Amino acid sequence: MGKFSQLVRDMAKRIVLLVAVMLLVVACAQPAPSPTPAQPSTLTVMTHDSFAASEGVIAAFESQYGVKVQFLKAGDVGSALNKAILAKGNPLGDVFYGVDNTFLSRALREEIFEPYDSLLLKEIPADFLLDPQKRALPVDYGDVCLNYDRAYFAERGLQPPRNLDDLVAPEYKGLLVVQNPALSSPGLAFLLTTIGVYGEDGYLDYWKKLVENDVKVVNDWETAYYTEFSVHGGTRPIVVSYSSSPPAEVIFAETPVDEPPTGVITEGRSCFRQIEFVGVLKGTKNRNLAEKWIDFMLDRTFQEDIPLQMFVFPVNPMAKLPEEFVRFVVMPTETAQVSPEAIDQNREAWIQAWTETVLR
Amino acid sequence: MDGLVLQRVSKSFEAKKVLEEVSFEVGLGEIVALLGPSGCGKSTTLGLIAGLIEPDSGEIYWRGNSLRGIPPHQRHFGLMFQDLALFPHLNVFENVAFGLRLRRQPQTEVRKRVKEVLQLVNLTGFEDRDVATLSGGEMQRVALARAIAPQPQLLMLDEPLASLDRILKDRLAVELRQLLRQMNQTAIYVTHDQEEAFMVADRVILMNQGKVEQIGTPQEIFCSPSTPFVAEFLGMKNFVEGEVIYEDGESWLVTPLGRIRFPNQPAGKGIALIRPEGATVDVHEGLQLMGRVTQKLFRGDHCQIELQWGEKRFSFLLPCSQKTPNEGDTLCLSLSPRSVIFFRNHTSHSFT
Amino acid sequence: MRTASLASSWKKGSALAWVLPVLFLALFYFYPLGSILFFAFERLVEEGGESLRALNLAYLWRVLRFTVYQAFLSTLLTVLLGMPAAYLFARYEFRGKTLLRALSTIPFVLPTLVVAAAFNALYGPRGWANLVAVNLLGFEEPPFTLTNSLIAILVAHVFYNLTIVIRLVGDYWSRLDPRLSQAGRSLGATPWQAFWKITFPLLLPAILSASLLVFIFDFTSFGVILILGGPRYATLEVEIYYQMSGLLNIPVAVTLSLLQLGCTWVLTIAYNRLSEKVTRPLPLAAQRRVVSRLLKPHQKVFAFLVVAFLVVFQVMPLVALVGRSLTYAGWERGERGFGVPTLSLAAYQEIFINRRASLFYIPPIQAIAISLGYALATLLFSLLIGFPTAWFLARQQGSGKLERLRRWLEPTVLLPLGTSSVTLGLGFILAFSQPPFDLRASPLLIPIAHTLVAFPFVVRSLLPALRSIRPRYHQAAAVLGASPSQIVRRIDLPIVGRAALVAGVFAFGISMGEFGATALLTRPEFPTLPVAIYRFLGQPGEMNYGQAMALSVFLMATTGLGMILIERFRSGEVGEF
């Protein structure tokens with residue numbers, strides 16, 4: 001059957017050829033804006049899904065330094081950080097933006113950053129700079145606070161709760177929805193708030209009371225806000241969200257409104273401050289440009305772009321806030337404090353204890 | 001040799017010998033029947049010729065060239081399968097056109113040829129029918145049309161009429177022979193039905209247990225079966241043990257039924273076959289057989305008589321007349337030496 | 001004639017058909033998985049195995065038990081509910097059949113958050129169902145609550161996977177000669193007996209195949225558990241995500257991924273053993289002969305019930321979603337009663353405007369185009385790799401190395417489905433971000449990742465069909481002059497044509513809806529529809545939600561149209577099978 005097998009072999013050769021071509025196509029598909037050394041004219045910024053900026057702002061940087069800025073997004077903060085950790089030493093980008101104070105210690109421990117002493121740090125309040133070695137530089141912050149449905153309380157002539165203590169009072173039974181700290185960043189922030197306020201010894205007791213007061217726990221912010229929160233069709237008028245949510249509600253209203261449908265509880269250390277940092281990735285071949293980018297992020301143009309793009313606050317006090325923020329944001333007088341080191345050390349244990357207390 | 005030659009071809013499947021040193025020839029334009037009981041290796045032989053399987057040993061030649069290593073699709077043979085294997089995803093037209101399209105014939109040619117063969121098998125107008133909607137006979141004819149459409153050098157038909165009833169079978173067998181003759185088609189016709197084989201074929205190759213038993217024209221085989229197996233396969237049942245001896249310078253066949261002169265035969269033990277039409281009533285010569293009639297079947301111009309003799313039963317065809325005995329009668333038959341065939345060295349017939 | 005002999009001469013062809021899948025799996029599955037494994041192992045050695053010792057085994061055991069339990073229940077329900085619909089689609093012709101079938105496939109591609117939104121629009125505290133119940137039927141309290149419960153998980157899993165059973169079993173069923181069960185009936189079997197004794201055993205290969213896929217999907221379920229199940233329920237996949245993204249504990253996450261993979265592997269091998277026992281070549285029947293109109297009253301009643309179920313269960317949430325995208329919560333705020341929502345096209349208008357001049361604004365048309373591009377590439381790749389794979393796996397390869405490879409490859413093909421997408425995604429990053437395979441910038445990385453998930457589907461859809469082709473057809477074609485490659489082209493391909501279309505529909509759908517791997521691998525310049533949807537859902541504000549819903553409707557429409565087009569392709573290109 002010589003010829004028969006010959007034909008089969010021919011067919012096989014074709015298949016092998018096809019694979020080869022396929023792989024070749026894959027490999028060469030885009031000889032590519034290779035992000036690292038070869039073309040110093042590209043700066044690669046690693047970041048998370050929520051990063052946003054205006055076209056014009058980025059274009060300004062690009063034209064000023066004659067570079068192309070490429071953004072590498074990789075899921076949530078955790079995933080993006082994992083990505084940076086995996087590529088340690090041979091970084092996928094030049095700078096990493098988006099690590100927050102809950103992950104800061106871990107990122108520093110993993111030694112993914114190089115220190116950079118930006119001159120612009122002088123303009124920024126010192127309490128934002130959590131790493132004295134200046135490996136991670138603060139860019140923005142947001143406060144995770146309890147939001148409430150204004151109409152709900154107004155209608156019932158009920159005072160919105162003023163602080164965490166109020167939440168366990170009988171009149172607020174069955175009104176609160178929070179997120180699972182294991183899987184949600186605001187959920188973790190709220191857990192840290194209770195730890196900051198009641199201490200490591202007291203927070204579980206507080207949560208027990210919350211459970212008795214019929215707190216509802218969901219896994220993610222989206223479900224809490226868009227399914228359970230009474231403003232968006234749910235039944236719970238108090239939700240863990242951000243202090244910037246009310247201006248967002250105004251900006252993204254279906255029909256123009258004069259005031260947001262939601263309010264924020266800001267008193268009694270009931271908020272937790274998330275600060276986001278940027279740093280030069282260790283091993284970058286673009287150190288110079290990376291520094292320029294960081295300076296740019298800390299400078300006014302970018303800082304002023306932050307609120308309406310990412311709905312967080314610029315750390316640079318020189319930056320002017322947009323009107324909606326000025327009108328509708330109430331800054332918490334004092335936030336709950338938990339140090340990044342403590343978070344890094346106890347995160348798993350706290351979450352586990354919380355899970356045992358609240359979910360079982 | 002200008003046709004197909006099989007030379008000592010053997011084939012085993014997992015240590016079971018299916019064909020053992022099979023040799024035969026098929027001349028160009030000849031219609032040869034491979035006849036034998038099921039499991040005798042007929043279909044395997046076809047598979048070997050078609051190139052679907054390879055022989056373990058031996059050679060197959062087509063017009064003097066060995067077929068070893070030529071894949072089935074390059075042999076230009078046709079094979080009509082017993083189970084027809086009509087492609088279920090194609091309609092009648094496309095089934096018949098299948099082989100033509102593979103030869104890259106232009107569309108008009110394909111259409112013309114399909115029309116031609118469909119006409120040949122009496123299926124004009126069936127082009128668009130779905131094969132699943134055809135009757136058994138129609139499917140068979142589509143399969144035949146598909147096999148002959150590319151004008152194969154050699155056409156093989158594996159039990160093509162197996163599932164049809166007797167009357168249809170007889171009619172189609174005759175039609176088939178006419179058709180093949182008309183096309184001057186070299187063909188191998190596999191069947192287990194001797195009547196069908198005799199009707200269709202120029203020559204018959206009788207196979208048993210992977211071996212060729214006898215090759216010859218239908219007449220040769222019918223008149224002088226070369227082994228008890230062949231005789232029995234052809235439906236003959238009257239066997240007795242016997243021995244040829246020499247006495248007084250003459251050869252005699254000695255059987256339990258008596259002895260007859262049996263000229264020009266070497267001595268030896270064996271089995272004697274008495275042809276069913278070789279018996280006469282009332283003539284007292286040759287072997288005498290006296291027994292009770294256990295069954296009488298009317299067969300048109302003949303009567304089939306079953307005769308009980310001791311433990312044995314014999315079957316004879318007698319001309320129908322008023323003298324014909326009835327069931328229960330005792331009958332004395334004379335068996336002419338001309339109707340006796342002696343198989344030397346066959347001691348028993350394991351085939352019963 | 002022994003059929004094994006032709007197969008043996010095909011061996012040489014098969015011998016090379018395995019090259020493609022093995023190469024593909026080695027490069028795009030085992031290499032990235034091995035990379036992340038190696039990384040995790042290095043970490044473990046560095047820290048002296050600390051993180052593994054800290055594992056709470058009792059908790060893990062609970063998680064594993066629940067994972068299996070919910071997957072088993074979900075699969076059972078999906079198969080039970082899918083069978084009548086599979087039968088209806090396989091045996092009867094009725095108006096709107098194609099549309100209904102396409103609609104019932106759409107859930108398969110929807111991102112979980114969108115499904116949650118659809119369920120919420122229908123059964124949520126202020127969903128349509130409750131709206132009707134309270135306003136028209138006079139209920140005091142909304143009667144439906146569908147979140148944070150096992151019921152929600154089961155309902156969502158059935159909602160997602162019903163189409164797998166309908167398509168896989170339905171396709172196989174439609175090729176089953178009805179005369180077989182008629183023969184049974186004529187021998188005195190009741191319709192029920194005829195089903196159990198004849199049809200069911202013959203369908204078993206397809207049922208098992210579908211069940212296995214459904215089970216693996218449910219077993220590795222993430223979004224449904226997370227969003228609809230609520231915090232009280234965790235599957236292995238959720239736990240892996242928590243370890244990976246929440247605690248950055250890569251060693252533990254990878255270990256758990258291996259556990260999950262091991263379970264998939266064992267399950268698949270058990271399935272293969274079982275499947276080989278029950279699969280046999282079947283006489284094929286032409287579609288025209290199989291499909292009939294609904295004539296008798298009991299047929300009509302049956303059809304009505306099945307269609308009603310599909311409409312209520314599969315289609316209504318989609319309709320609710322469309323409704324939600326067209327209305328906004330214009331009810332009086334704070335009131336727990338039920339107002340009438342206001343109709344508005346604002347969300348649709350808004351998605352076309354880059355209001356904040358964002359660098360990451362995604363024009364919907366572009367997202368649709370990119371999604372379609374990825375989906376078509378996935379369809380092409382997965383069929384290109386899936387067909388030879390299925391062809392190689394369809395028949396025993398005699399003995400020796402090839403047969404061993406076949407026995408090994410068959411369960412392996414399914415492994416990507418059972419692999420945690422976070423883990424595999426990070427593996428991709430690790431493997432393809434540096435030489436020799438620096439594919440970071442390649443836009444093909446996403447269709448390749450999608451192909452990894454889709455191609456097991458393609459293989460699973462094709463296998464029962466390929467196995468049912470009688471070897472005699474190959475012989476007949478060979479004698480008629482067809483070379484091996486022509487046999488594949490003219491016999492195998494057309495006969496499995498319909499199964500290939502089913503496979504294509506799934507490959508297309510998987511790619512359209514995939515989010516997990518896409519989120520990890522995508523470049524911001526090439527966002528897919530699900531990525532765009534999630535971007536909107538991540539921000540507060542009515543309009544963001546509205547735009548997410550509007551994009552979801554686009555996703556639904558694009559997918560639905562795509563599937564209908566793929567199905568149309570059937571009558572043109574390939575035969576009646």
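Predicted model: local features only at pLDDT ≥ 70, side-chain atom pairs only at ≥ 80, totals over all residues.

How far apart do the C-alpha centres of domain 1 of chain B and domain 2 of chain B lie?

Reply: Residues are numbered from 1 along each chain as its sequence is written, while chains are lettered from A and ligands numbered from 1 in the order in which they are written.

The C-alpha centres of domain 1 of chain B and domain 2 of chain B lie 39 Å apart. Their contact draws on four residues of domain 1 of chain B and five residues of domain 2 of chain B; two residues are in contact if their C-beta atoms, placed from the backbone, lie within 7 Å. On the domain 1 side of chain B, the touching residues are two nonpolar, two polar and no charged. In this classification Ala, Val, Leu, Ile, Met, Phe, Trp, Tyr, Cys and Pro are nonpolar, Asp, Glu, Lys and Arg are charged, and the others, Gly among them, are polar. Domain 1 of chain B covers 4–230 and domain 2 covers 239–344, with bounds that come from an automatic or database domain assignment.

The strands of chain B can be taken in turn. Strands (E, at least two residues) and helices (H or I, at least four) are DSSP runs numbered from the N terminus, and two strands pair if DSSP finds at least two bridges between them. Four strands of chain B make an open sheet with antiparallel pairing, in the order β2-β1-β4-β5. The edges are held by β2 and β5 (65–66) of chain B, each with a single partner strand, so one side of each has no neighbour in the sheet. Within this sheet, strand β1 (residues 4–13) and strand β4 (residues 57–62) of chain B run antiparallel and are joined by five bridges; Ser10(B) has Ser57(B) in β4(B) as its bridge partner. Strand β2 of chain B spans residues 16–26 and contains Glu21(B). Although Glu21(B) is not a glycine, its phi is positive, at about 45°. Glu21(B) counts as partly exposed because it has 15 C-beta neighbours inside 10 Å. A residue is buried if 20 or more other C-beta atoms lie within 10 Å of its own, exposed if 12 or fewer, and partly exposed in between, with C-beta atoms placed from the backbone.

Further along chain B, strand β11 (residues 239–247) is joined by six bridges to strand β14 (residues 268–274), and the two run antiparallel. Gly242(B) is opposite Gly270(B) of β14(B). β14(B) is also antiparallel to strand β20 (residues 340–344) of chain B, through five bridges, and Ile274(B) has Val340(B) in β20(B) as its bridge partner.

Chain A has 13 helices and eleven strands. Of its 360 residues, 54% are buried. Chain A is divided into domain 1 (42–141 + 275–321) and domain 2 (142–273 + 329–358), whose C-alpha centres lie 28 Å apart. The contact between them takes 13 residues from domain 1 of chain A and eleven residues from domain 2 of chain A. Phe311(A), in the loop between α11 (300–310) and β11 (313–314) of chain A, has a positive phi near 55° and is not a glycine. With 24 C-beta neighbours inside 10 Å, Phe311(A) counts as buried.

Chain C meets chain A through 70 residues of chain C and 80 residues of chain A. The chain C side of this contact comprises 40 nonpolar, 21 polar and nine charged residues.

The largest nonpolar core has 386 residues, of which Tyr189(B), Val165(C), Val169(C) and Leu462(C) touch the most other members. Helix α8 (residues 150–174) of chain C gives this core its largest share, 16 residues. Such a core is a set of buried Ala, Val, Leu, Ile, Met, Phe, Trp, Tyr and Cys residues joined through C-beta atoms within 7 Å. Apart from neighbours within four places in sequence, Val165(C) is in contact with residues including Thr78(C), Met83(C) and Val214(C).

Finally, 16 of the 17 residues of α23(C) are buried, so α23(C) is largely enclosed by the rest of the structure.
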